[in-house]
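Me: I have a model open and would like to talk it through with you. Shall we start with its surface?

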Protein chains: 2
Amino acid sequence: MASITFRPDNLTVTANDGELLAVVAARAGLALRSDCGGQGACRKCAVRLASGELGGKEGGAAETRAVEGGVEVLACQTTIAGDAVITIPEANRAADLTPLAKTLGHVAETLAGQGVREPLAARRCLAIKPPAKGDSIADVDRIFDALRAADPRLRQLSADLPTLRALPTVLRQSDWSICTTIVDGLSASQLANVASACDIDRPVFGLAIDVGTSTIAASLVNLGTGRTVATGGKRNGQIRYGDDVISRIIWTEEHENGVETMRRTVVETLNEVIEEARRAVSLAPDDIIALTVAGNSTMMNFLLGIPSGPIRRDPHTPPASWLPLFTAGELGLNVWSRAPVMCLPTVSGFVGADITAGVLATGLAEARELVVLVDVGTNGEIVVGMDGMLVCASCSAGPAFEGVGIECGMHGAPGAIEGVAYDPATDEVTLEVIGHQRPQGVCGTGFIDILASLFEAGVVDRGARFSEDFETERLRLREHELEFVLAFAGEHGAARDLAISQSDIENLIRSKAAVHAGISTLLCKLHLEPEMIRRLYLAGAFGSHLDVRKAVQIGMLPDLPVERVEYVGNTSLAGAQLCLVSREAREKVRAIAAAMTYIELSVEPGFMEEYVGSMFLPHTQTERFPSVVRTPTV
Amino acid sequence: MASITFRPDNLTVTANDGELLAVVAARAGLALRSDCGGQGACRKCAVRLASGELGGKEGGAAETRAVEGGVEVLACQTTIAGDAVITIPEANRAADLTPLAKTLGHVAETLAGQGVREPLAARRCLAIKPPAKGDSIADVDRIFDALRAADPRLRQLSADLPTLRALPTVLRQSDWSICTTIVDGLSASQLANVASACDIDRPVFGLAIDVGTSTIAASLVNLGTGRTVATGGKRNGQIRYGDDVISRIIWTEEHENGVETMRRTVVETLNEVIEEARRAVSLAPDDIIALTVAGNSTMMNFLLGIPSGPIRRDPHTPPASWLPLFTAGELGLNVWSRAPVMCLPTVSGFVGADITAGVLATGLAEARELVVLVDVGTNGEIVVGMDGMLVCASCSAGPAFEGVGIECGMHGAPGAIEGVAYDPATDEVTLEVIGHQRPQGVCGTGFIDILASLFEAGVVDRGARFSEDFETERLRLREHELEFVLAFAGEHGAARDLAISQSDIENLIRSKAAVHAGISTLLCKLHLEPEMIRRLYLAGAFGSHLDVRKAVQIGMLPDLPVERVEYVGNTSLAGAQLCLVSREAREKVRAIAAAMTYIELSVEPGFMEEYVGSMFLPHTQTERFPSVVRTPTV
């Protein structure tokens, strides 16, 4: 075992001889750039050897290059060969893989600036005072005393049965020098593990998870530094039982052990996400010692194996609004079996933990002026915050913008078209594809671009119907339906024709109309005007580069000055991540859930009318979109 | 299902047609006398039928007898045949099987008078307000609101995963009329079960357990009324691995999986005790919803599977002083798997939960004048209480008075000789046998009687050695050792000769000497005199009728006026029982453990000298026993 210290962070980790230096750095939460994919070609992973020894990838000595003031090695070509001190140049450090598509000011500040403040679980190495003549207080009390001395912020301490069973032996075998794992519960802290100090001199990690109806996303966080070391996502395996929560609830009701099947399915997907995250930085399951989970009410229930039938029936009652801490073992998640799992709290059947997480991440509860959070997932949720007031509503947007139910739809993974521009003059379509790969499908931002572009070009009219007299080869009839070809097979490297049909457009329009009608109706109910909105956060898994202007152009959002609208990505995941590293966040998110008032939009008289008006591009009442609607070209 | 109401208690329970009335009454915690063992002969179980129908034991109508103001039936010969109201005459009610051999004033008061005050677990049937338009708060919050409305003393409420999984379905299937099970934790209450109200309209029970090194004792308590409905006891199966805690700890250290073997063994014995208690009153395992456990530190650790090695080594450190709530399932106990298990707190390696329980039961913490608790089990523990001061010590008494290590020894079960008197004039031995059966062995009180009687008669001298010149056939040589025959085979119905040997006497003397030396040394250390003792509680499983006078006569206790000494039986079990039915008791016992100061007697300079002096009958310093020592007869 070698001891590797990384500067300027001064993080020391234990590594085995022969381990790749790049992997060891990543394990410490210090991922390096790797533009060539570890081929030793790009030199972006160059680090300096300050002291110690390193080896080559195929054995022998490491290839070094003399640089000003020392020697440089490539982390992807160099292995551990004993203790060493390594300096990582700031320029070669991989950017934090933040779960926010765009960096959201204060979240990034909390995550990076404040760092870790009482994480959900933490390791602490301690020297315990051994018993002596006249000092025979209990083993566990000795540990508690040492913990309290080291951290006065610790609450009432308790210990679980496996720890109590282990500690008499571990304390004495380790000569009273131990490493403890502490879980920060709601009202008390728990000693959840005691090990010999030498066993676990390595960084520990937490995983923040957003269980979306369509997509499951996760961030792996170094709990020592607060840095995100890997992010990942996968289609929720439950999608085979229905695209939206309602159809999945019905499925569970119509099938024996339906809830259990649904639970197993999402746990399987989660375990795949966990395994990918682990592999990305060579972690053992036991290295992940805490989990936080956000998601809508139904997804949360399915993960826990709780029946959700009442959510789909009037008045849409959820089984629970808050949830106790669980353990990963209890939920079947393949990390350290005693890792605490915090499920963020829910407000109502249709305003779930994804939204309380979003309010936490965007700081809506602290807003003085009118701030709105719009989260477009499989459902659309809207939260209005002003002077401590928090009012929320939900509308059934459907998963169209997540690429579900659309033939060429996909989620924002490499190969997804995330940007589209159509030039009617040249009849050319310009595509931006995630990862600069061959286009395989279209994700959320791509669809917003398509709608905006086709409307601007006149390919679709205000009613969102293809204009049959628009002349282009790209507009064609297939199976009695018009479709617009974004890329013919071969074009931009596409393996097949990628097209969007009239039905697809209607699907997308229903989705954007639901969102806009939701915002309008909720504001109207509160006697507020869209113009009063100081800031509108648009959250959702649209893709990494949403053009806010275009979301306004298609009438998904009210016609606000662009600088007031910010696309903030997956705030559900961001909120979960905050809860992983900060007790204050965990307390705040509970206060947020308790403070939020839920308004049932479907019973509001104006909602249906607003929805019908919003089915147009951008709206039937064009005067509400002055920046968008020019004089009709025809 | 029939509904049977018992008067004057006004307890209503559900019973199946054909069930024996005596069994149904016992289930309600209203056991009836049964001198003839249910043969219909003694008529001690006669009850009055106030209204309704009853059936005969073999079908048909019940045999009734007209009495003043109604009809009488025998509960042991009568079965349920529909709803009925039954009046139980006070005279026919079985005495509460209190775990205290003698009724200890204030414990009995607390148990009977105060009744049940926030038991460790309780059932509560509730009508829940169903959700409605505009009222969609979460299912679990509805239950919590109803619980808080019904009982404002409830603390912060939480729910566990199995309950969260069950409740959406149960609430709706039961039409919002449910029966909840609430566990009263240390700082919060937990909703541990939700069932349809009709499922569990029957009394629920708790079991208080004393895990002794030699004997395990238990009381089954009706948690609705606080009444003890059955008591039981069994030899601790671990006895095969050693008579005392030290030899058992060594055994666990010398055998692979020793701790686990020890754990399994005691759990097996406990499950036998549980099954006997259940059968006594026809309970299903799920009817027992809470457990409290007291016992010495080592027994507690073995039950939990915690290694106890450090307890036997200087400075005798225990693994834990307090313990969290466990569940019965977690510990492998065959009652309701989610029943909470409270382990009473420990003070040190040799002053365990049995002693904190004893201090609780005897009210020592509230004593104004000097009060002493002496608990003689396999070890002897002494607690001194005065004006809030609590000081304790332990001495290695050995299990002789529990009948272990003595050839004719047995625990206080039917067949045990509990009283002995020897008349040297007639050479006759008078025996009192528990259950008026044939004598099979001798229990603690019997041994105290034997020592006192033989000393008084001059059969043994002050040095506790048989006087060889004492003339009686009962004194004989066997295997080079003198022994005194209490009963020859055939005498008093004995199946074999029952005798006490010189080694047995030495064993008992060592035991009584350790207890007396412990008391003397501790008082001396605190600069207190035995005469200052206002009250001395002698606790232990000696048998049901300890003669305090004789315990003084043999010099086990200091020579106090008899009225100041009280034999209080198994206070460990009594304390555990208090914790089962009262939150105040649970809080108090923790405060007691925290307040107690432990004195290590073995390092006290005077202890060894005191021990040697106490090896005599009653003591070398006869002036300390003025009421006992007369002029020597020789």
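Me: Before we go on, what should I know about the model and its numbering?
Reply: This is a predicted model, where local features need pLDDT of at least 70, side-chain atom pairs count only at pLDDT 80 or more, and totals for chains, interfaces and linings use all residues. Side-chain values use heavy atoms, leaving out hydrogens and water, chains are lettered from A and ligands numbered from 1 in the order written, and residues are numbered along each chain as its sequence is written, from 1.

Me: How many of the residues of helix α10 of chain A are buried?
Reply: Helices are DSSP runs of H or I with at least four residues, numbered from the N terminus. Buried means under 20% relative accessible area (1.4 Å probe, protein chains only). Helix α10 covers residues 353-362 and is largely enclosed by the rest of the structure, because the buried count is 10 of the 10.

Me: Which residue just after α10(A) takes a positive phi?
Reply: The buried residues of α10(A) include A:Ala361 and A:Thr362. Just after this helix, a positive phi of about 70° belongs to A:Gly363.

Me: What percentage of chain A counts as buried?
Reply: Chain A has 634 residues, and its C-alpha trace spans about 95 × 60 × 50 Å along the principal axes. The buried share is 60%.

Key
Buried < 20%, exposed > 50% of the residue type's maximum accessible area, 1.4 Å probe, protein only. Helix = DSSP H or I, 4+ residues; strand = E, 2+ residues; numbered from the N terminus.
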